[in-house]
Amino acid sequence: MRLTIEASLRRIGDLLREDIAPDLQTPFLGQSVRMAGGMLNICANWVDDAAAVRADENAAIRAMLGQAATALDGELAERLRSAAVSSDPGIRISQLDAENHRLRCLLVEAHAAVEDAGLSLLDAAIWKLLEEIELTRSQREQDNPIGK
């Protein structure tokens with residue numbers, strides 16, 4: 001077995017839940033240790049796909065910003081075009097999160113402008129993207145439940 005952060009977190013979590021918690025005499029302490037083990041498994045799931053989730057979301061938001069830029073004009077359209085052709089500043093989670101935040105803020109601006117302009121098809125496409133992003137995150141959590 002290759003030692004990775006994910007594997008280490010999972011093993012420590014399993015050890016706490018399966019080996020240590022059952023041997024504790026105090027029910028509260030046993031439950032606390034089981035919960036800590038579960039939290040480590042949540043962290044392991046997060047570590048495994050954290051960069052991929054953010055990179056995929058950033059790419060999808062950039063594509064939507066590009067679509068919005070073609071339908072809008074002025075300074076906002078120019079900022080949207082610029083963001084649409086931008087790239088992630090790095091592969092660290094903190095960098096991907098900062099870029100995701102920047103892109104989401106632009107998407108909110110674009111969405112408001114699209115609604116004001118009465119562009120119903122683009123409005124619906126933005127809502128669909130937001131729903132897909134949330135469903136994808138939710139599905140990843142279901143695919144990687146605590147303890148798996």
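Is Glu18 buried, partly exposed or exposed? Glu18 counts as partly exposed, at 49% relative accessibility. Buried here means under 20% relative accessible area, exposed means over 50%, and partly exposed is in between (1.4 Å probe, protein chains only).

Before selecting more, note the ground rules. This is a predicted model, in which local features need pLDDT of at least 70, side-chain atom pairs count only at pLDDT 80 or more, and totals for chains, interfaces and linings use all residues. Residues are numbered from 1 along each chain as its sequence is written, and side-chain values use heavy atoms, with hydrogens and water left out.

**Stop 1: the whole chain**

Show the cartoon. The protein has 5 helices and 0 strands, in the order α-α-α-α-α. Helices (H or I, at least four residues) and strands (E, at least two) are DSSP runs, numbered from the N terminus. The radius of gyration is 21 Å, well over the 15 Å that the globule rule gives for 148 residues, so the protein is more spread out than a compact globule. That radius is taken over C-alpha atoms, and the globule rule is 2.2 Å times the number of residues to the power 0.38.

Now turn the C-alpha trace. Along its principal axes it spans about 70 × 30 × 20 Å. Of the 148 residues, 32% count as buried. Among contacts (heavy atoms within 4.5 Å) between residues at least 6 apart in sequence, 66% join residues at least 24 apart.

**Stop 2: salt bridges**

Side chains of opposite charge can pair when their charged atoms come close. The rule used here is a side-chain nitrogen of Lys or Arg within 4 Å of a carboxyl oxygen of Asp or Glu. The count comes to 12 salt bridges.

Arg17 is buried, at 18% relative accessibility.

Next, select Arg104 and Glu57. Their closest N and O atoms are 3.0 Å apart in a salt bridge. Arg104 sits in helix α4 (residues 93–117) and Glu57 in helix α2, so this pair ties together parts that are 47 residues apart in sequence. Glu57 is buried at 5% relative accessibility, whereas Arg104 is partly exposed at 26%.

Move to helix α3 (residues 74–84), which holds both Glu78 and Arg81. They are 3 residues apart, about one turn of the helix. Their salt bridge has its closest N and O atoms 3.5 Å apart. Glu78 is partly exposed at 45%, and Arg81 is partly exposed at 39%. Then select Arg62, Asp88, Glu99 and Arg102: salt bridges that share partners join them into one network.

**Stop 3: the surface**

Switch to a surface view. The accessible surface comes to about 9100 Å², and 60% of it belongs to carbon and sulfur atoms. Areas come from the Shrake-Rupley method with a 1.4 Å probe; for residues, only the protein chains shown count as cover.

Colour Ile5, Trp46 and Val47. They make a nonpolar surface patch of about 300 Å². Patches are made of residues with over 30% relative accessible area and no salt bridge: like charges are joined within 9 Å, nonpolar side chains (Val, Leu, Ile, Met, Phe, Trp, Tyr) within 5 Å. Trp46 lies in helix α2 (residues 27–71) and is partly exposed at 42%.

**Stop 4: cysteines**

Select Cys43 and Cys105. Cys43 is partly exposed at 37%, and Cys105 is partly exposed at 38%. How many disulfides does the whole structure hold? The search finds 0, a disulfide being a pair of cysteine sulfur atoms within 2.5 Å.
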